[in-house]
Every structure is written in C-alpha cells, then in structure tokens.
Amino acid sequence: MTDARQELIQYISDLAVFHGDFTLTSGKKASYYVDLRKVSLDHRVGPLIGRVMVDLIAEVPNVFAVGGLTMGADPIATAILHQGAAAGKSYDAFVVRKEPKDHGRGRQVEGPELEGKRVIVVEDTSTTGGSPLKAIEALQKVGAVVVGVAVVVDRSTGAREVIEAAGYPYYAAISLEDLGLEP
C-alpha cells in the first residue's frame, strides 16, 4: 500500500466517516455516512486523492480525460488533472451537468471536446452506480469512449456490479474494509 493511500485512508476515517442514522441515495438506511466532500475539498487531502487516483488509473492506456456527474466528481477530476500534470501525465478534466444547459451552447458535458477520446468516469463514493451511468449516457451522446469508472471509496452496495454489468471496468481506490466499516 502506498504511503499516499494509507494517509488518505486515515484522513477519510478521521474526517469523512459519520456515524448515526442516514438515508442513502438509494433510499436504504445506513448506520454511517462517508462524506468525501469533507476531504476532497480540503487542501491537505485533495492532492492525496489526486495521487491515489492517478496511481489507480495509471495502467489504463491512452486516457485523455477524467470527470463525471457534478458535483461529487468535480473535485476528484481536478485533483487527478493537477496531480497527473505534476507526475508528467496529461489528463484533462470534464464536468457532466445533471441536465443540459437551457441557454448558451446548451451543453451537458463541459470541458475539452471528447468525441472519439478515451475517458474515465470518476466519482467520490459510489452507492448504486447511478451517477456514473448518468454521466456515461451524456458522454456517449458527445461521442466519448468510456473506458472505465474509478471511485475513491466503494461502499460495497452494488455499484461495482451495476457498472460491470453495463460493460465497464470498475476501479476503486479504497474499500469499506480499508476504513474499518461493514457494508
């Protein structure tokens, strides 16, 4: 395990895991909630997320850009962009709006032109796989070639199975087990 990954696990455990009664996006109840925005927007942790995610996707060839459905994916994509650049990689970032804009150019996918480009959809934490699949749908409309989905924390609640069943490789940097939690 890399030092950056171990440090990231510690920050998430200390700052982003909340215990109590929570309702998840799926509607299911949980006794804890992993709120990665508490760390993905932190100056100490954002760069760690970028380093860990750059390592996670390093073996995927010819990735042009990373991004996903706003807002959970946004800080992850920009962390990868910055840490990738620092490591000599040239990942661009994109943002997928929940709905196309109703003004201007009416775009749903913002950032570089992605037609024919290999992209990875990223997410902070995935529960059902719904957000990455919504992003993939928008990316397909602009002609992007989605080559995988990469999440910081996999909640072990079916997202991997849904993404893989849709035909995409699923990469997760950190599991619940890494955080000392159970699904």
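Predicted model: local features only at pLDDT ≥ 70, side-chain atom pairs only at ≥ 80, totals over all residues.
Residues are numbered from 1 along each chain as its sequence is written, and side-chain values use heavy atoms, leaving out hydrogens and water.

Let us stay with these two strands for a moment. Helices (H or I, at least four residues) and strands (E, at least two) are DSSP runs, numbered from the N terminus. Strand β7 covers residues 145–154 and strand β8 residues 170–175; they run parallel and are joined by five bridges. Two strands count as paired if DSSP finds at least two bridges between them. Together with helix α6 (residues 159–165), β7 and β8 form a right-handed β-α-β unit. Right-handed here says that, with the strands pointing away from the viewer, the path from the first strand over the helix to the second runs clockwise.

Now step back to the sheet. Its six strands follow the order β5-β4-β3-β6-β7-β8, in an open arrangement with mixed pairing. β5 (109–110) and β8 stand at the edges with a single partner strand each, so one side of each has no neighbour in the sheet.

Elsewhere, strand β1 (residues 17–23) pairs with strand β2 (residues 29–34) in the antiparallel sense, over five bridges. F22 stands opposite A30 in β2. Five residues lie between the strands of this hairpin, where G27 takes a positive phi near 95 degrees.

N62 is found in the loop between α3 (46–57) and β3, and its phi is near 55 degrees, a positive value in a residue other than glycine. M71 sits in the loop between β3 (65–69) and α4 (74–86); the peptide bond from T70 to M71 is cis, with omega near 25 degrees.

Finally, the largest pocket. A pocket is an open set of points on a 1 Å grid over the protein atoms alone, where a 1.4 Å probe fits, with protein on both sides within 12 Å along at least five of seven lines; lining residues have an atom within 4 Å of a point. The lining here has 23 residues, with T25, E123, D124, T125 and S131 nearest the centre of the pocket. β2, β6 (118–126) and α5 (130–141) each supply at least two lining residues, and β6 gives the most, with four.
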